[in-house]
Amino acid sequence: MLRQSRHVQEYGPTAIIWAAATMVVVPFFWLMGDLLWNGWNHLSLSFLFSAPQNAGREGGIGPILMSTLLVVGVCMGVAVPIGLGTALFLSEYTRQDHALGRLIRASLDVLAGVPSIVFGLFGNALFCQALGLGFSILSGGLTLACMVLPILIRTVEESFRAISRDQRLSAAALGLSTPTTIRTILLPAAIPGLLVGGILGLGRAIAETAALIFTSGYVDRMPESLMDSGRTLAVHIYDLAMNVAGGNPNAYATALVLVGLLLIINLSSSWITTRWTSFNQLPA
Amino acid sequence: MISSSSNISSRSTSEGLLSWTVRLLALMAGGLLLLVVLFLFREAWPALQHIGVARFFSDPGWYPTEDAYRLTPMIWGTVWATAGSILLASPLGILSALFCHFYAPPLLGRWYRRMVELLAGIPSVVFGFWGLVVLVPLIGRWHPPGPSLLAGILILTLMIIPTIMLVAHASMAQVPVAYIHSATALGFSRWSMIWHVILPTTKVGLFTGILLGLARALGETMAVLMVCGNVVRTPSHLFDPIRTLTANIALEMAYALGQHRAALFVSGLLLLGLAMLCVGMAEGLRYRNAYVATK
């Protein structure tokens, strides 16, 4: 009797939870299906490599892919060395409860939550105006570098911390100096973590729009140098959808390219993570 | 002894070099937040000095060319859009984390989590684009004009569900197995175990997730910019077009000069402060929670 009533009491919550889960799934498949359905037909090699014409209604996204590559390249080129250095400092040169280390970590945590539009304002004020770089790929890349630093540092620091203490102790017992230990033992062991951190940062950078519209600008020509203004994939989607009547078909195709790129990035990072964990769990 | 002393001295130079480089880089990264705050203040200063804080709330409207800088319609836009999305996304996110952990068959649960992770990775401009071409016309057919507070709330909800769900999921995974076993041994049904054991133990984690979702919704720009209509007016119902603080910056920054530009930096400063508050609270909670867990 008791059992029976208890089972009946279970029906309500179970139904609600399945319904909530379905409500989350449906828009996801709707969105992805919509992108595939409307974007797939426009996708071709010539779309990827030709220049946009008629404000982007026709033609392709060649220069835009190039600008995206350059902006992201500048971003990673600046963020990776700073991120690696900071992560080394936090994991190898300070104790976990060290005051300066904790301060830096806290400031990075807050930085991770700063809205991207605020990074855009900051980048515009510092790089475009104070440093005189103007609307350029360099300004955009540097702004993005500030934005991806927190996630990069956190991932890399964790991968250094995951290396067992024994390895460090053995290195010290062999009389290796800290730089040698870092170069020959810690860096090779942390490479998968470095890759994952870099890939996550890359994903953030490619997806970003708000921080770029007034740092790297709108120009859709093929960039000739880092000082040229350049339009990234995400900005291109925004511009086609909002400012160009009849730009939707190409916006769909561009969105599909962007989501496809991010999917590859996401899958490769989780592939590295699984490979890495299974490798580390092998018996010594 | 002699050879080792030369060895040590040569080692100490390279060691010193590396340790100073690393220290310098860490200070750069750690000082970045301070630099952001300082630069926003520097650019906002003319407006704070000449317009004054009070006029952002008392001017007749937002007409930057006519020297009127009332920010309240945008503040209300941000408040309503954020509040609405939190109200929808919190239950959906927490319930789907429960689904993933306790209701779905293991394989389905794993796939479900992968899918939510993918959802978290979709760029906001793609959400905005989808909202603009699919959601807004649908709302427009039901209750014109279409671009509205409601569209903004729905898109934001979709965007912050992953944040709330993944944090909730992670904190549910940390519930000690012994709790679950004890509850089962006491004859708790699945739902009473969730209600009496899981939700109370993960309370702090769930709240952390909601705060992080809040921070994301507050700062979101592209998606709301594309679906909300961007009319500067305090919304009176769900189908009114709104403009948020973030959208205002994105729309006007390109041509703003002088006091207008400074006023936009003031709204940026406001956003930064709000986001810092959310993240600070979330981190504080997480720190306290970690402390309790290890004790």
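**View 1. Residues of α6(B) that meet α8(B).** In this close-up, Leu156(B), Met159(B), Ile160(B), Thr163(B), Ile164(B), Val167(B), Ala168(B), Ser171(B) and Met172(B) of α6(B) meet residues of α8(B), including Ile198(B), Thr202(B), Gly205(B), Leu206(B) and Arg216(B). Two residues are in contact if their C-beta atoms, placed from the backbone, lie within 7 Å. By class, this contact of α6(B) with α8(B) has 12 nonpolar, 7 polar and 1 charged residues, where Ala, Val, Leu, Ile, Met, Phe, Trp, Tyr, Cys and Pro count as nonpolar, Asp, Glu, Lys and Arg as charged, and the others, Gly among them, as polar. This is a predicted model, in which local features need pLDDT of at least 70 and side-chain atom pairs count only at pLDDT 80 or more, while totals for chains, interfaces and linings use all residues. Residues are numbered from 1 along each chain as its sequence is written, and chains are lettered from A and ligands numbered from 1 in the order in which they are written.

**View 2. The axes of α6(B) and α8(B).** Helix α6 (residues 149-173) of chain B packs against helix α8 (residues 190-219) of chain B at an angle of about 150 degrees, with their axes 8 Å apart. The two helices, α6(B) and α8(B), are therefore roughly antiparallel, since angles under 35 degrees count as roughly parallel, over 145 as roughly antiparallel, 65 to 115 as roughly perpendicular and the rest as oblique. Axes are lines fitted to C-alpha atoms, for helices over the stretch in contact, and angles run from 0 to 180 degrees between N-to-C directions.

**View 3. The packing of α4(A) with α6(A).** In chain A, helix α4 (residues 99-112) and helix α6 (residues 137-161) pack at an angle of about 130 degrees, with their axes 8 Å apart, so α4(A) and α6(A) are oblique to each other. Leu108(A), Leu111(A) and Ala112(A) of α4(A) make the contact with Pro150(A), Ile151(A) and Ile153(A) of α6(A). By class, this contact of α4(A) with α6(A) has 6 nonpolar, no polar and no charged residues.

**View 4. The contact between chain B and chain A.** Here 66 residues from chain B and 66 residues from chain A take part in the contact. Helix α1 (residues 2-50) of chain B gives the most to the side of chain B that touches chain A, with 19 residues; helices (H or I, at least four residues) and strands (E, at least two) are DSSP runs, numbered from the N terminus. By class, that side of chain B has 47 nonpolar, 13 polar and 6 charged residues.
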